[in-house]
Amino acid sequence: MGRGPHEGSTKVVNGRQSGRPTLEEVAARAGVGRGTVSRVINGSPRVSEQARQAVHRAIEELGYVPNQAARALAGSRTDAIALVIPETEARLFAEPYFLDIIRGVSAELGEADKQLLLTLVRTERERQRFEQYLAAQRVDGVLLTSVHADDPLPDLVRELGLPVVLGGRRTADESAAYVDSDNTGAGRAAVAHLAARGRRRIATITGPLDMYAAKARLDGYREGIAAAGLEPDELLVSTGDFTEDGGRRAMRELLARSPGLDAVFAASDVMAAGARGVLREAGRRVPEDVALVGVDDSAVARLMDPPLTSVRQPIEEMGRTMARMVLDRIAGPAEAAEPQWRVLPTTLVLRDSS
C-alpha cells in the first residue's frame, strides 16, 4: 500500500489543518463510529439521516477526500483477502506458527483463485492506515491471527461490513467467527504425560496471558496438575511471550525460584528451545534431570537436541479452515450457515525430551 508523506496524518499549521485527514478523524468530528463514516461514503442505506448529515458536515469541515476509484468498486468483488498478523517481520519469519498459517491460507485461497494480501499491523498508526484501506473496499474479507484480548480490529472490520474470521480467539465468549485448536486439552495432555513418567515438580512457561491461547494452555496445565493429584504451586508458573528470548527469561526465573523442578511444559516449541538452552547452561540434562514438552510440533521440535516432545496443533489446516470460512461468508448467508467457530483437535507427539 503506497502512501504519500502525509497520508494517514493531519498536521496543524497556523490553526489550519494540512495533509490528508483520516477516516478516524472524520468519525471523531461527526461523533459516530468509523463504520458509519464508511457506510455514508459508500452510499449505504443503513445509516440514519442525522448520522449522514453529521458525517457530510465533518467531511466538508475537514476537507476529507474519499478514494473515488474505490467507491466505484464498492459494489463489486476485488477477489482479494487480507491476512493480518500483528507482529514484526522478525517474529513473522522466526516462528513456524505464522509460516504454517500463511501456507494453509495461501493454498486454500489459491485453489479458489483469490489473491492473498499479507499485512503486518504493529502500531496504532498502521492499524488506522489498514482501516482506511478496508474502508476503501479493496478486499472482500479479512483473516486475523495472533489476536489479543483487547484487539479492536475484528469489531472494526465487522463495522465496515466485511466478513472476518479469526485464527484463535480473544476470549472464551468470542463474538466473531474463529478457528482454534484445543489449547486447554494441549496443557492437560502435556501434564498427564509428564506425571505418568513420574515427574512431580512440573513447571510451565506460559504465553502472554492477554492471549486466549496462552490462558487456555495454562488452564489445561492446572487441570492436569489437579488430575494427577499434584500440589499446585504458583512458583512453578512463569510468563513468557511465545519467543525464544521469552522462554530463556522464564526458565531462568523458574530455576531461581524452584531449583528442584523436574519437568517443564512450555506453551510453544520456540519457548521450549529457549528453555532448553538455559537448562544446558545450568548443567541440567534433558530429559534425565528435567523433562521438556512444547506445543506446535514444529520443525523446531524435530531439530532440537534431544528432539522435543510436543503437542501438535494442525496449524496449516487451521489456515485452510479460516480461508474456507471467510470465502463462505463472502459467497452469502446460505453458504455461511455452518457454525461460527471450529476447534480442531491436538495430539501429543512423543520424542526423546520427556
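Which residue's side chain meets that of E111 in a salt bridge? I looked this up first. The partner is R320, at 3.2 Å from N to O. I note that this is a predicted model.

**Entry: the E111 pair**

I checked where the two residues sit. E111 belongs to helix α6, residues 96-111. R320 belongs to helix α14, residues 315-331. They are 209 residues apart, so the pair links distant parts of the chain. I then looked up the exposure of E111. Its relative accessible area is 58%. The cut-off for exposed is over 50%, so E111 counts as exposed. I also followed the pair outward. E111 and R320 are part of a salt-bridge network with E108, E317 and R324.

**Entry: the whole chain**

I found 14 helices and 14 strands. The chain has 354 residues, and 53% of them are buried. Next I looked at contacts between residues at least 6 apart in sequence. Of these, 68% join residues at least 24 apart. The chain exposes about 15700 Å². Carbon and sulfur atoms supply 50% of that area. I also noted the salt-bridge total, which is 29.

**Entry: two salt bridges within helices**

I picked two more pairs from the structure. D219 and K215 meet through their side chains at 3.4 Å, N to O. Both lie in helix α10, four residues apart, so about one helical turn separates them. I checked their surroundings too. D219 is partly exposed at 27% relative accessible area. K215 is also partly exposed, at 41%.

The other pair is R248 and D245, at 2.4 Å, N to O. These two are three residues apart in helix α11, again about one helical turn. R248 is partly exposed at 26%. D245 is partly exposed at 45%. An α-helix has 3.6 residues a turn, so residues three or four places apart point the same way.

**Entry: helix α12**

Is α12 largely enclosed or largely open? Ten of its 13 residues are buried, so the rest of the structure largely encloses α12. Among the buried ones are D269, R276, V278 and L279. The helix covers residues 269-281. From first C-alpha to last, α12 reaches 19 Å. That is close to the 18 Å expected at 1.5 Å a residue. After the helix comes G283, with a positive phi near 80°.

**Entry: the cores**

I looked up the largest nonpolar core, which has 43 residues. Its members that touch the most other members are I202, I205, Y221, M251, L261, V264 and L292. Several elements each supply at least two residues, including α9, β8, α10 and β11. Which helix gives the most to this core? It is α12, with six residues.

I traced one member, M251. Leaving out residues up to four places away in sequence, M251 touches I205, L261, V264, A275, V278 and L279. Of these, A275, V278 and L279 are buried residues of α12. I then found a second, separate core of 36 residues. It includes V37, V40, A58 and L62.

Key
Residues are numbered from 1 along each chain as its sequence is written. This is a predicted model: local features need pLDDT of at least 70, side-chain atom pairs count only at pLDDT 80 or more; totals for chains, interfaces and linings use all residues. Side-chain values use heavy atoms; hydrogens and water are left out. Buried means under 20% relative accessible area, exposed over 50%, partly exposed in between (1.4 Å probe, protein chains only). Contact means heavy atoms within 4.5 Å. Accessible areas come from the Shrake-Rupley method with a 1.4 Å probe; for residues, only the protein chains shown count as cover. The expected span of a helix is 1.5 Å times one less than its number of residues. A nonpolar core is a set of buried Ala, Val, Leu, Ile, Met, Phe, Trp, Tyr and Cys residues joined through side-chain atoms within 4.5 Å. A salt bridge is a side-chain nitrogen of Lys or Arg within 4 Å of a carboxyl oxygen of Asp or Glu.
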